[in-house]
Amino acid sequence: MDLNALKQEAAKAALTELRSGMKLGVGTGSTVNCFIDALAGSGLSFDAVCSSSEATTERLQQAGFEVSELNDVGGLDLYVDGADEVDPHKRLIKGGGAALTREKVVAACAERFVCIVDASKEVDILGRFPLPVEVIPMARSYVARELTALGGRPEYRSGVVTDNGQQLLDVHNLRIVDAVGLEQTINGLAGVVTVGLFAQRPADTIIVAAPEGIRIR
Ligand code: 5RP
């Protein structure tokens, strides 16, 4: 089974978590795109749908959903999103698609966070995937030096501007044992918008699509 087929399986499995009338948050990425395609054919209707990126907003609208401003909706019942890495404690690395800050905000508003991944995203210890950090442009070099002092090798994601008008550093060579501590430390650096570690608010449920079938964690 190829990766795209697994992403579609994970996306379809997430439909069982949904009910009409919910307030739904939708993440970003190729797995979430499969989820939006599945949503479009589901017949479900929602009280509100909030998006974590311009790309997801466009795709939701193309699929016929009205997208609400998060500020107008209040709390969400459920957030569905993918991830770049998932550890055994349901902590995540996210931001490969540059949407980490809005994803973290939408996740924070949601009562439940269901993460949909293919089995290649599962790791014992986070850090094999370079950790994205969104920074304001004038702080990029300073933050990069601080990340180097923390043991990482930051790389500027050249040419990428986030939906918030900011820049990204991808931090290689990390072996993230204390994920909550590292999230707090990096978020505390002047000029950091947010780090793509989702440890303080991990996922509640992980739907893993593997060649042997769906696993719910
Ligand atoms: C975007 C993200 C995505 O969830 C993550 O990159 C996974 O993407 P994909 O489903 O394409 O593998 O964090 O910022």
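Which backbone atom lies 3.5 Å from an oxygen atom of the ligand? A backbone N or O atom of Ala98 does. The model is predicted: local features need pLDDT of at least 70, side-chain atom pairs count only at pLDDT 80 or more, and totals for chains, interfaces and linings use all residues. Residues are numbered from 1 along each chain as its sequence is written, and side-chain values use heavy atoms, with hydrogens and water left out.

A backbone N or O atom of Gly97 is 3.3 Å from an oxygen atom of the ligand. For Glu103, a polar side-chain atom lies 3.1 Å from an oxygen atom of the ligand. On its own the ligand has 380 Å² of accessible area (Shrake-Rupley method, 1.4 Å probe), and the protein covers 91% of those 380 Å².

The shell around the ligand holds 17 residues, a residue being near a molecule if one of its heavy atoms lies within 4 Å of it. Ser30, Thr31, Asp84, Gly95 and Lys121 come nearest. By type, the shell has three nonpolar, eight polar and six charged residues. Here Ala, Val, Leu, Ile, Met, Phe, Trp, Tyr, Cys and Pro count as nonpolar, Asp, Glu, Lys and Arg as charged, and the others, Gly among them, as polar.

The space taken by the ligand is the second largest pocket. A pocket is an open set of points on a 1 Å grid over the protein atoms alone, where a 1.4 Å probe fits, with protein on both sides within 12 Å along at least five of seven lines; lining residues have an atom within 4 Å of a point. A molecule sits in a pocket if more than half of its atoms lie within 2 Å of its grid points. The second largest pocket contains about 190 Å³ of space, a volume being the space filled by probe spheres set on the points. Its lining has 17 residues, with Thr28, Gly29, Ala83, Asp84 and Gly97 nearest the centre. Helix H2 (residues 30-40) gives the most to this lining, three residues; helices are DSSP runs (H or I) of at least four residues, and strands (E) of at least two.

The largest pocket has a volume of about 280 Å³. Among its 13 lining residues, Ser51, Ser68, Glu69, Leu70 and Arg102 are the closest to its centre. Strand E2 (48-51), helix H3 (54-62) and helix H5 (100-109) each give two or more residues to this lining, and H5 has the largest share, three residues.

How values were computed:
A polar contact is a pair of N or O atoms within 3.5 Å; within protein, one must be able to donate a hydrogen and the other to accept it, and residues adjacent in sequence count only if both atoms are side-chain atoms.
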